[in-house]
Amino acid sequence: MSPAPTMTSLVGLIVLLLAGAPTASAVSASAERVEVIAAGLDGPRGLTPLPGGGVLVAESGRGGAGPCVPVLGGFEGCLGTTGAVTMAACGGQRRIVTGLPSLYVADLQEALGPYDVALGPSGPVLVSVGFGGDVAVRPELGPVGAALGQVVRAWPDGRWAAFADIAGHRGPGAGSQPWGLHADGGRLHVTDAMTGSLHTVDRRGRIGTVPLEGTLRQPTTVVRGPDGAFYVGEFAFNDPGQARVLRLEPGAPVTVHATGFTHVSDLAFDAEGDLLVLEYAKNGVLSGDPTGRLTRIGADGSRTEIAAGLLENPTSVAAPGPGVLYVSNKGISIGAGEVLRVTTG
């Protein structure tokens, strides 16, 4: 195999890959300027900013013709190789990694596949791939399906390989749904929304589990705060209004940092150190209302909604610098997903 591209070459690809691509379009005339910088995506999920501008977005895909296996408590998911990672900037968009596993669940009208993306320390990007099934059925899905429930490494030339088997770490009989990623030096933190766990992965792909008091309620996201602690957001599917943001500090009890949310899909800290909390559906997924919400929590506890009324099932938020945010919008839509650039200052 050829040497992995360095981060310098990854940044350089922004100019090369986006040349001639569609330009951004404004969709709001409100206090914040909101632009669509990527469209036509298949289930856009996690975002990670790129040095020099733009973002990478994980696409969960649209599944395929099969094989099909039971996932998420009995629903049938059919395999395809339609998962991807897309590079997006104000100049346009381009898929840089394709062929990742994707399971389409017709009963839920969404795909299980790439859920989050993070920059590795020396070249490859890291992608969490959801599953939601028992690893005992995974062999039925062949070599590509073996990457479901894992963290994979992917390179800008399109290559990818399995790296850390989160689902296999749990063992047969226990479903697993790797979701949020946070790269912190040489260590990766991974939330497992199905088991309520937080895992660590070292440079060699070895997996550990962070000891916690109690179980997290479907943790979807983990981020390191400016205070050095880790913050975890809960989806809490069956409890609208009961999702929490928890604060985890090594050697200290888990504490509740903020409450009153419905289906937290992502967290980020902005340039001012304020916490951004993204909710997938502010009135609950069973309400039929896809309206999401993005809230900035100030150091004094004050809450301000951003891009009010403009978010539909948003799945990820990134804050690369002062006054600029990115949001994955229409996060389970196939062929209609978006990445938005929100200018707040």
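Which residue in β7 stands opposite G80? The residue is S102, and the pairing that holds these two residues is described below.

## The model and its confidence

This is a predicted model, in which local features need pLDDT of at least 70 and side-chain atom pairs count only at pLDDT 80 or more, while totals for chains, interfaces and linings use all residues. Residues are numbered from 1 along each chain as its sequence is written, and side-chain values use heavy atoms, with hydrogens and water left out.

The predictor's confidence in each residue, pLDDT, runs from 0 to 100. Its average over the chain is 88, and 90% of the residues score at least 70. Residues 1-30 stay under 50. For that stretch the model has 60 contacts beyond four places in sequence, a contact being heavy atoms within 4.5 Å.

Strands here are DSSP runs (E, at least two residues), numbered from the N terminus, and two strands pair if DSSP finds at least two bridges between them. Strand β6 (residues 75-89) is antiparallel to strand β7 (residues 92-105), with ten bridges in the pairing. Two residues lie between β6 and β7 in their hairpin.

Strand β7 also runs antiparallel to strand β8 (residues 110-112), to which three bridges join it. L103 has L112 in β8 as its bridge partner. The hairpin of β7 and β8 has four residues between the strands, and Q109 takes a positive phi near 55 degrees there.

## The disulfide

The structure holds one disulfide, a term for a pair of cysteine sulfur atoms within 2.5 Å. C68 and C78 are joined, with an S to S distance of 2.0 Å. The disulfide is right-handed because the torsion about its S-S bond is about 105 degrees. C68 belongs to strand β5 (residues 68-71) and C78 to strand β6, ten residues apart.

## Two pockets

On a 1 Å grid over the protein atoms alone, a pocket is an open set of points where a 1.4 Å probe fits, with protein on both sides within 12 Å along at least five of seven lines; lining residues have an atom within 4 Å of a point. A volume is the space filled by probe spheres set on the points, which are joined across faces, edges and corners.

The largest pocket has a volume of about 740 Å³. Its lining has 25 residues, and L108, E110, F235, F237 and V285 are the closest to its centre. The second largest pocket holds about 540 Å³ of space. Of its 30 lining residues, L47, T48, P49, L181 and H182 lie nearest the centre.
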